[in-house]
Amino acid sequence: MARIKRILVTGGAGFLGSHLCERLVDLGHDVICLDNFFTSQKSNVEHLLDRPNFELIRHDITLPIYLEVDEIYNLACPAAPGHYQYNPIKTMKTSVLGAIHVLGMAKRCRARVLQASTSEVYGDPEVHPQPEWYRGAVNAIGPRACYDEGKRAAETLFMDYHRMNGVDIRIARIFNTYGPRMHPFDGRVISNFIRQALVGEPLTIFGDGCQTRSFCYRDDLVEGLIRLMENESGVIGPVNLGNPEEFTIRELADLVINLTGTSSPIAFKPLPADDPTQRCPDITLAREKLRWSPTTSLREGLQKTIEWFRSIDLSQYRPPTPNY
């Protein structure tokens, strides 16, 4: 029988965090979900509250907390541009202070700790698709830098705690992920398109729609995180986790229109500053070392996501920030 572990998930009531908590609870581990509910919803983990191996703590990871754990998944940080740009100083603090606090806990408890980093560390990439060795093209003083550079600084802290203190770390660079429980007002392109399509509003495309993204379904991504955390081959990361199938934003809009059956038109708006023109992962390392690759097609994943959006009452959700 596999050992039952005490696992902390920071940002555990968020979109990805809630699915990770759910999976870990189902595996029988004792799971502590920590969240300050800035951009997350308590309803995301409401169905877990009566499970004996699940605990919910309202706490901001920029402040110290002392827990006894075996593993930590550090997912705490606003991840949508409108949200992390709303309070850029707090975003940077969440990435940097949050990393310091979970790394200190991991050092004290001799716990393994995984950092949920991001493809944003590659900036507007000059190498395509993006492999882990690519150092990125990030504007350190631009409006997105609070997130991009915050995550890069967190990776630096993880590596230095590993080198200097022997902390057992893992670093995952997560590319665009989607699925049920995305916040309808998180400002991400898939949630925007689906919400707009279902209420008959124009689908908003920033720029000409030729910029590309890759979209990984939430179940595939959670599987990748767990495989990286449990990996014993000596790979600590960074490891790209994402879907290498690339689509233009216009192709995505057309697919959402097709799957929802909406008559919504498309509205074009100016491209925001520092918005990357290409984003697609090279997942060779994940395939070789984790035996992981996505299995859910964009069409299949969008159908499940649209079905969930149809099932919720949008009036029960409020935009966490004005910038959605």
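In which loop does proline 238 lie? I worked from a predicted model, and there I found proline 238 in the loop between helix H6 (218–230) and strand E11 (239–241).

**Other backbone entries**

I looked up a cis peptide bond between histidine 128 and proline 129, where omega is about -10°. Proline 129 belongs to the loop between E5 and helix H4 (145–165).

I next turned to phi values, and for phenylalanine 37 I wrote down a phi near 60°, which is positive although the residue is not a glycine. Phenylalanine 37 sits in the loop between E2 and strand E3 (54–58), and I recorded it as buried because its relative accessible area, 13%, is under the 20% cut-off.

**The whole protein**

I then stepped back and noted nine helices and 13 strands in the protein. For 324 residues a compact globule would have a radius of gyration near 20 Å, and the 19 Å of this protein agrees with that. The C-alpha atoms fill a box of roughly 55 × 45 × 40 Å along the principal axes.

Of the 324 residues, 56% are buried, while the protein exposes about 13900 Å², of which carbon and sulfur atoms supply 50%. When I looked at contacts between residues at least 6 apart in sequence, I found that 81% of them join residues at least 24 apart. For the charges, I noted that the mean positions of the 36 positive and 39 negative ones are 3 Å apart.

**Strand pairs**

I looked up strand E1 (residues 6–10) and found four of its five residues buried, so this strand is largely enclosed by the rest of the structure. E1 runs parallel to strand E2 (residues 30–35), and five bridges join the two; within this pair, isoleucine 7 stands opposite valine 31 in E2.

Strand E6 (residues 168–174) is mostly covered, with six of its seven residues buried. It pairs with strand E5 (residues 112–118) in the parallel sense over seven bridges, and I noted aspartate 168 in E6 as the bridge partner of arginine 112.

**Two residues in strands**

Is threonine 204 buried or exposed? I placed threonine 204 in strand E8 (residues 203–206), and I counted it as buried, since its relative accessible area is 13%. Leaving out residues up to four places away in sequence, threonine 204 touches Phe193, Gln196, Ala267 and Lys269.

My last entry concerns isoleucine 266, which lies in strand E13 (residues 266–269) and is partly exposed, with a relative accessible area of 21%. Beyond its neighbours within four places in sequence, I found isoleucine 266 in contact with several residues, among them Leu203, Ile205 and Arg250. From isoleucine 266 to glutamate 120 I noted 146 residues in sequence and 26 Å in space, C-alpha to C-alpha.

Notes
Residues are numbered from 1 along each chain as its sequence is written. This is a predicted model: local features need pLDDT of at least 70, side-chain atom pairs count only at pLDDT 80 or more; totals for chains, interfaces and linings use all residues. Side-chain values use heavy atoms; hydrogens and water are left out. The radius of gyration is taken over C-alpha atoms; the globule rule is 2.2 Å times the number of residues to the power 0.38. Buried means under 20% relative accessible area, exposed over 50%, partly exposed in between (1.4 Å probe, protein chains only). Contact means heavy atoms within 4.5 Å. Accessible areas come from the Shrake-Rupley method with a 1.4 Å probe; for residues, only the protein chains shown count as cover. Lys and Arg count as positive and Asp and Glu as negative; His and the chain ends are not counted. The place of a charge is taken as NZ of Lys, CZ of Arg, CG of Asp or CD of Glu. Two strands pair if DSSP finds at least two bridges between them.
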